[in-house]
Amino acid sequence: VQVLDQGYVEHIETWGSDERIIEAARMSTDKGFQGWGPFCPDCHEPVVLGEPRCAKCGSASTRIPGDEKLLRFLWEHKHATPFEMAGLVIEVQAPIFVFREWHRHRTQSYNELSSRYTALPDLYYLPSIERLMNGMQGQQNKQGSQSGFSEQDAKSLQRYIHQVNAASRQAYMQMLDQGVARELARIVVPVAQYSRMRASANLRNWLAFLTLRMATNAQWEIRQYANAVGTIIAERFPRTWQLFAS
Ligand SMILES: Cc1cc2nc3c(=O)[nH]c(=O)nc-3n(C[C@H](O)[C@H](O)[C@H](O)COP(=O)(O)OP(=O)(O)OC[C@H]3O[C@@H](n4cnc5c(N)ncnc54)[C@H](O)[C@@H]3O)c2cc1C
Ligand SMILES: [Zn+2]
């Protein structure tokens, strides 16, 4: 998933599923996953709500509610440990200031490229004109930003940021050319510099991360990354996602 001007979030690996979460919860009663939707108590096939008989075996027995009900119960009553039985690994390319915020989430595991081993990529975040027009110091939210700059203001701010990034890149490359160690040359790099990492966490912790970082008081840039992680989770854990998002 493309994020900001040069970033991305890439799905690497998922473990578990909505079904596995139910199975984990059912360890307490040793019953396992029973099925989604209302289903036939005789043959265990899903049945269509409102139909008088099971299409498969013809049974007219009372239909038992499906495992959505249990999943909802777990979610609403904060029985959170079954959600720790699933998780995902993603790869992220983001500006360093986004990583500063991201790495505060201690329950994720991280591996990031080392700018002591490798020269940093020639990738710098340049906010869009629209972002800059909404980039005036916030008055209500003292940590945030608000609209206020004209398109012309934004264009000149964007040119200025580009110049600063370019000058910093030039100084960095010049020092590397002179033989300065990568670990030292990097001190002139701005926090707009893009870096890359892999992050891994269980689903419970990913959702806690998203609660904080999709919220409107989170910085706009990390919110774009959180939204991208959300689309990945929604695809792989659709029923849990529905509960989270509602
Ligand atoms: C809008 C916003 C503004 C912020 N502003 C600032 C700021 O100005 N300055 C700043 O320093 N930070 C700031 N933060 C970061 C914030 O303080 C948290 O560090 C960050 O959100 C990670 O949250 P967390 O600790 O819940 O996550 P995680 O580290 O992933 O922890 C998840 C949960 O595990 C438990 N846990 C983890 N470690 C411990 C521990 N050592 N002791 C006890 N329980 C633990 C807690 O229940 C915690 O909620 C901000 C965050 C947001 C969302
Ligand atoms: Zn049946």
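A residue counts as buried when its relative accessible area is under 20%, as exposed when that figure is over 50%, and as partly exposed in between. Keep that in mind for this tour of a predicted model.

**Stop 1: the zinc ion**

Select ligand 2, the zinc ion, and show the side chains around it. You'll find four cysteines coordinating the zinc ion through their SG atoms: Cys40, Cys43, Cys54 and Cys57, at 2.3 Å. Now follow the chain through these donors: their spacing reads C-x2-C-x10-C-x2-C.

What arrangement do the 4 donor atoms make around the zinc ion? Turn the view and check the angles: they run from 104 to 114°, so the arrangement is tetrahedral. For comparison, the ideal angle for four tetrahedral donors is 109.5 degrees.

**Stop 2**

Click on Cys40. Buried or exposed? Its relative accessibility is 2%, so Cys40 counts as buried. Hop over to Cys54, which is also buried because its value is 4%. Next, pick Cys43: with a relative accessible area of 23%, this residue is partly exposed. Cys57 is partly exposed too, at 38%.

**Stop 3: ligand 1**

Now select ligand 1 and show the residues around it.

- Arg104: a polar side-chain atom sits 2.7 Å from an oxygen atom of ligand 1.
- Arg106: here a backbone N or O atom is 2.6 Å from a ligand 1 oxygen.
- Thr107: a polar side-chain atom is 2.7 Å from an oxygen of ligand 1.

On its own, ligand 1 has 940 Å² of accessible area, and the protein covers 47% of that.

How values were computed: Residues are numbered from 1 along each chain as its sequence is written. Chains are lettered from A and ligands numbered from 1 in the order in which they are written. This is a predicted model: local features need pLDDT of at least 70, side-chain atom pairs count only at pLDDT 80 or more; totals for chains, interfaces and linings use all residues. Side-chain values use heavy atoms; hydrogens and water are left out. A polar contact is a pair of N or O atoms within 3.5 Å; within protein, one must be able to donate a hydrogen and the other to accept it, and residues adjacent in sequence count only if both atoms are side-chain atoms. Accessible areas come from the Shrake-Rupley method with a 1.4 Å probe; for residues, only the protein chains shown count as cover. Donors are N, O and S atoms within 2.8 Å of the metal (3.2 Å for Na, K and Ca); water is not among the atoms, so sites may look incomplete. Four donors count as tetrahedral if all angles lie between 85 and 135 degrees; four count as square planar and six as octahedral if opposite donors are over 155 degrees apart and all others between 65 and 115; anything else is irregular. Buried means under 20% relative accessible area, exposed over 50%, partly exposed in between (1.4 Å probe, protein chains only).
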